[in-house]
Amino acid sequence: MKDKYDVIIIGSGPGGLAAAIAAKEKGAKDVLIIERDIELGGILVQCIHNGFGLELFDEDMPGPTYAQHFIEKVRGLGVETLMDTMVLEITPKGTIYAINKDSGYLALSARAVVLAMGCRERTRAQIMLPGSRPAGVYTAGTAQRFVNVQGHMPGERFVILGSGDIGMIMARRLTIEGARVERVLEIMPYLTGLTRNYVQCLLDYGLVLQKQRTVNRIIGTDRVEAIEAVSVDETWSPIPGSREIIPCDTLLLSVGLIPENELSRSAGVLLDPVTNGPFVDDRFMTSVPGIFAAGNVVHVYDLVDWVTEAGYVAGRGAAAFAQKAQVAEARHVPLKAGENIRYVVPHKLNPENLQEDLIRLQMRAIQPIEARVLVTVEDQDGNVVAKKGEPYARPGEILTLAIKPRAYDAARKASMLTVHVRKR
Amino acid sequence: MSENYDVIIIGAGIVGGMVARFLSKYELDILWIEKTSDVGMGTSSANTAAIHAGYNALPGTNKARTNALGVTMWPKLSQELGIPYDRCGDYVVAVSDADMNMLEILLERGRRNGVPGMEIITGEALHRREPLVRADAIGALWVPTGGLSDPFAATVAVAENAVMNGVTLKLNTAFEDFLRDGARITGVRTNQGDFRGKWVINAAGLYADDVMHKAGVRPEFTIRPRRGEYVILDKADFQLTNRTILFPTPSEKGKGIVVSSSLHGNVIVGPNANFVESKENKDVTKAGIEEIWSGGKKLVPAINRRHIIAEFAGLRATGNAPTPNPDIAYDQDFVIEIPEAVQGFVNLGGIESPGFTASPAIALWVIDLLQEAGEELVEKPDWNPIRMPRPVFRHLSRDEQAALIQKDPAYGRIVCRCETVTEGEILAEIHAPIPATTYDAIKRRTWLGTGRCQGGFDMPRVVEILSQELNLPPEAITKKGAGSPFLYRRTKDVQDDHLRMEDLI
């Protein structure tokens, strides 16, 4: 194998696969994907439920099928892959240090790098769940791997904390496997995952979701024996008299995802404290020239289709950079989070890039609005540059808005763009 | 039916381990029993990891004596046994005139205990060395002989060295009662059978009171577990300027809530000190976290809650034994004795902080006691004080890492990405002189699963490796011994994999 590549992609989930395809199609000669697992596909491999591909293919596929579509393309295009390989460090100049069993210690260089490491799950420690530390406390994704990849049940009686998508999907999966899901608890007054998962995974199976209710204590010395549940008010303070001991042997946590950026840090990439991912421009280039980022490593998406799309954009950008076709750093138009918006990705637009492709903005709302809303992109003077109506805004579902070519002139002229979501 | 030994040691914490290791020097048949599945699972598994210089203990107490000697033994011990140890020094931070007076008292105590090199420095000097200390600190006691170690690594290292030198370690073996012949103790009854021994040594930590009561010794002695809670910060997010331990000025509750470096690279904050009823209650509580957080924040205002990646709690084995010297009014001293009431019994109890530091000195004291009691200890000609540490991949240079992978490809697969722990390290621990057979045993030895993802990534992989290496089904692999399995059963077979209505109701 070579030690110099045009584009090296770290991670072979949906973002990484799409980036490899786009980079190759855009003319990058030597493209390499480095994957730490033994097969391509990233987390899709364990996502055997459906719901993938509705936006891009208008087709409802399970995760592995969705992944396979891209894996075949990657293979057909002659993208190289390095499996069972862990990247230890990336330098700002694009040297990648990695190890595996067969090749030992590798030092590879790339003209452009795409970070596609995805995200990790928040743990019991990060939400500071009190109580003992027995076996039987798992993040939902770890339990999903046990069940769907290794073929083992990590428990029989479950309580699930958090109404994130993986938690709800696991509630259904475990029920199908004959386990009992006693309760799904959500500390927020609203669902944090997709409504369709609530309907298809909980309602359809008669499973109970309790909002504004959380785990107050984990009980059990060796294995979980029960959890103490408690209702909370808006400030998350326990409401007296609301405690209940729920006997169970397993607590699953679906309490949020965090972009995985340890390698980005080693490369000197600046991170946004709101998304926990890199600051990126509309080509998904980070603060370090030549280092791009795609997918959940940038911010946590709700649909895989958008991750794939981001991978295409980043892959094209990386290929262009590798071929020195990248337009030199010009003036940027910053994109800011306005009313009821937690963040906007990308963080800035390069006016030079506003040419053929549409630029898709991704936003997360702060508070749910259960009524028709208007998402607007406004310039520094409050002039609306782009807008889109939505039936509602929910923190668990990403808002997307495409800036279309007819708005490019206005966007180019702006010194700053701010996105708002307001009730209509 | 029973086996015969010269010495039986009850309890495989750091104290039992040091006693076993130092006694293994002599021509003795030693049995060492532990009720849990691994060494170092009690108090030794959850503490500040400090090697205390010895300025806290009241001069004349057993604590002061063993602390002062113990701290001088660590440099050699760490060399011989491959235990991580850094004599980084520590500070006691003062913010008021009353605190400054207390520093004078500590300085004087330290001098009387024989602690070298201490000095009181100004707030300015303190901030020059550690700018993160609260701005209104007006001075500090600088203690150059304070340091840090790794209590897990230390316990494993001494235990391994003891086993290498012929000590028989029996895990999952719980003490139930003594065998006796009149006033002479002749052995122990355990859940694994009876064992005869000329001497039985109580190193049962939190349960030392129960053990001595069974021997008929010190009926008034009780251990009240005093829980200390801690939080661990992400090493990528927060570091002290230099590796050290920052103590507040101590109060009657103890040494107070510290902000400390650790040899694993994380800053830890804690502990508080609250009595709990149960000797197994290592719960972390909301109130406790608030208490230590506000304590830590007072000392180092820059710490940020967002950087917390783990919480844990440990129990101190706080006793109520008066110091042997009646002139010293102190009633939480270490018990280190051969009691007169029975024969054949060495009694250790109430070994709370600074027990980790003091443990090698306690072991030497036990040897003295045995010799004073007329036991003739003959040194083995082939005793080996050296135990080589196993490679820690993340501590190696790139060249060393490359060489290691070349030698053994298992070091080329990372199983824990946050802490960069390789399959090679895990396999080495599973096949070590004291095999690591549970997830937590591997965690304590390799530090896997302690980072940001808290085992989310490595856990399924470690269960697979353990299952393979121990030749057990995955359902038999546990977190920390009997009763703590990860997995219950296989998922339904493929042909069975359709919805059954009765499962859904």
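Which strands of chain A are included in what covers the buried residues of helix 9 of chain B? The views below come from a predicted model, in which local features need pLDDT of at least 70, side-chain atom pairs count only at pLDDT 80 or more, and totals for chains, interfaces and linings use all residues. Residues are numbered from 1 along each chain as its sequence is written.

**View 1. Helix 9 (residues 398-407) of chain B and its cover.** Gln401(B), Leu404(B) and Ile405(B) are buried (under 20% relative accessible area, with exposed over 50%; 1.4 Å probe, protein chains only).

**View 2. Crossing of helix 1 (residues 14-23) and helix 2 (residues 62-81) of chain B.** The two axes (lines fitted to C-alpha atoms over the stretch in contact) come within 14 Å and cross at roughly 75°. The helices are therefore roughly perpendicular to each other (65 to 115 degrees). Helix 1 contributes Met18(B), Arg21(B) and Phe22(B) to the contact (heavy atoms within 4.5 Å), and helix 2 contributes Met73(B), Trp74(B), Leu77(B), Glu80(B) and Leu81(B).

**View 3. Helix 4 (residues 165-176) of chain A.** Of its 12 residues, 10 are buried, among them Met168(A), Arg172(A) and Leu174(A). Gly178(A), which follows helix 4 of chain A, has a positive phi near 90°.

How values were computed. Chains lettered and ligands numbered in written order. Heavy atoms only, no water. Helix = DSSP H or I, 4+ residues; strand = E, 2+ residues; numbered from the N terminus. Axes fitted to C-alpha atoms, helices over the stretch in contact; angles between N-to-C directions. Parallel < 35°, antiparallel > 145°, perpendicular 65-115°, else oblique. Expected span 1.5 Å × (residues − 1).
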